[in-house]
Amino acid sequence: MGNKELEAQLARMLNPIRYRHSLGVARTAADLAGRHGCSPERAYLAGLLHDIAREMPPEELLYWAEQAGIPVHPVERRVPELLHAPVGAFLASTRWSVSDPAVLQAIARHTTGYPGMSLLDQVVFVADLVEPSRNYPGVNTLRRAVETDFTTAMIMALDQTIRYVLSTGGPLHPVTVEARNSLIDQTRRLNLKRDEEEMD
Ligand SMILES: [Fe+2]
Ligand SMILES: [Fe+2]
């Protein structure tokens with residue numbers, strides 16, 4: 001299926017605001033991917049489909065997670081909305097014929113994040129938070145960070161997600177904390193390597 005066909009199908013399926021958001025994520029992710037050295041086509045597709053399960057009621061998400069053999073973390077049992085990411089990836093593969101594992105993984109990881117995220121995973125995660133129709137306090141700070149230093153922006157995006165969850169008083173998925181810690185380790189290693197090279 002080409003993107004135009006996918007978009008037409010999505011427009012019928014999602015509410016107009018979510019459809020506009022999905023198109024925004026697709027375009028923003030493709031743009032970021034092009035600038036940071038991963039595939040704009042994959043980023044566009046993952047962005048387009050990332051929220052296909054977002055409008056499913058909680059019991060349906062839990063049902064599909066079980067059908068797909070997705071392990072359900074206790075936090076996800078309490079907040080089944082979080083499952084729209086892995087369930088979305090499952091549906092993208094079974095109903096939307098997406099076979100690219102990198103695209104499916106980026107969809108699956110777009111809400112909570114994951115330790116050791118690929119660049120594509122990160123691009124979709126950040127695009128979800130900064131696409132043009134997003135409007136929340138702090139969005140412009142994150143947009144500016146994306147333009148200056150992508151990895152710093154990604155850490156800020158995870159920090160922001162964590163702060164948001166804390167502000168709701170809801171349970172925080174440990175994988176989000178692990179995602180943040182793994183990214184911080186990764187940047188520290190890169191900085192050390194750069195410092196060593198500069199000293200050589
Ligand atoms: Fe989402
Ligand atoms: Fe989204």
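This note sets out numbered points on the predicted model shown above.

1. Basis of the note. The model is predicted; local features need pLDDT of at least 70, side-chain atom pairs count only at pLDDT 80 or more, and totals for chains, interfaces and linings use all residues. Residues are numbered from 1 along each chain as its sequence is written, while chains are lettered from A and ligands numbered from 1 in the order in which they are written.

2. Secondary structure. The protein contains eleven helices and zero strands, and its pattern along the sequence reads α-α-α-α-α-α-α-α-α-α-α. Helices (H or I, at least four residues) and strands (E, at least two) are DSSP runs, numbered from the N terminus.

3. Overall dimensions. Along the principal axes, the C-alpha atoms fill a box of roughly 55 × 40 × 35 Å.

4. Of the 200 residues, 36% count as buried. A residue is buried if 20 or more other C-beta atoms lie within 10 Å of its own, exposed if 12 or fewer, and partly exposed in between, with C-beta atoms placed from the backbone. Two residues are in contact if their C-beta atoms, placed in that way, lie within 7 Å. Among contacts between residues at least 6 apart in sequence, 56% join residues at least 24 apart.

5. The largest nonpolar core. A nonpolar core is a set of buried Ala, Val, Leu, Ile, Met, Phe, Trp, Tyr and Cys residues joined through C-beta atoms within 7 Å. The largest one has 48 residues, of which Ala-29, Ala-43, Ala-46, Ile-107, Val-123, Val-124 and Val-126 touch the most other members. Two or more residues each come from helix H2 (16-36), helix H3 (40-49), helix H4 (58-68), helix H6 (84-94), helix H7 (101-108), helix H8 (119-130), H10 and H11. H8 gives the most, with eight residues. Beyond residues up to four places away in sequence, Val-126 touches Leu-32, Val-146, Ala-153, Met-154 and Ala-157.

6. Helix H3. Eight of the ten residues of H3 are buried, so this helix is largely enclosed by the rest of the structure. The buried residues are Arg-42, Ala-43, Tyr-44, Leu-45, Ala-46, Gly-47, Leu-48 and Leu-49. Their cover includes helix H1 (3-13), H2, H6, H7 and H8.

7. Ala-108 belongs to helix H7 and counts as buried, with 22 C-beta neighbours inside 10 Å. Leaving aside neighbours within four places in sequence, Ala-108 is in contact with Ala-85, Pro-86 and Ala-89. The C-alpha atoms of Ala-108 and Gly-88 are 6.9 Å apart, although 20 residues separate them along the chain. In the loop between H6 and H7 lies Ser-97, which has a positive phi of about 50° although it is not a glycine. Ser-97 counts as exposed, with 9 C-beta neighbours inside 10 Å.

8. A position in helix H4. Glu-66 is found in helix H4 and is exposed, having 10 other C-beta atoms within 10 Å. Its C-alpha atom is separated by 9.6 Å from that of Val-87, which is 21 residues away along the chain.

9. Helix H11. The end C-alpha atoms of helix H11 (residues 174-199) are 38 Å apart, which agrees with the 38 Å that its 26 residues should span at 1.5 Å a residue; the expected span of a helix is 1.5 Å times one less than its number of residues. The buried residues of H11 are Thr-176, Ala-179, Arg-180 and Leu-183, and what covers them includes helix H10 (150-168). Val-177 also lies in H11, but is partly exposed, with 15 other C-beta atoms within 10 Å. Apart from residues up to four places away in sequence, Val-177 touches Ile-162 and Leu-172. The C-alpha atoms of Val-177 and Arg-54, 123 residues apart along the chain, are separated by 22 Å.
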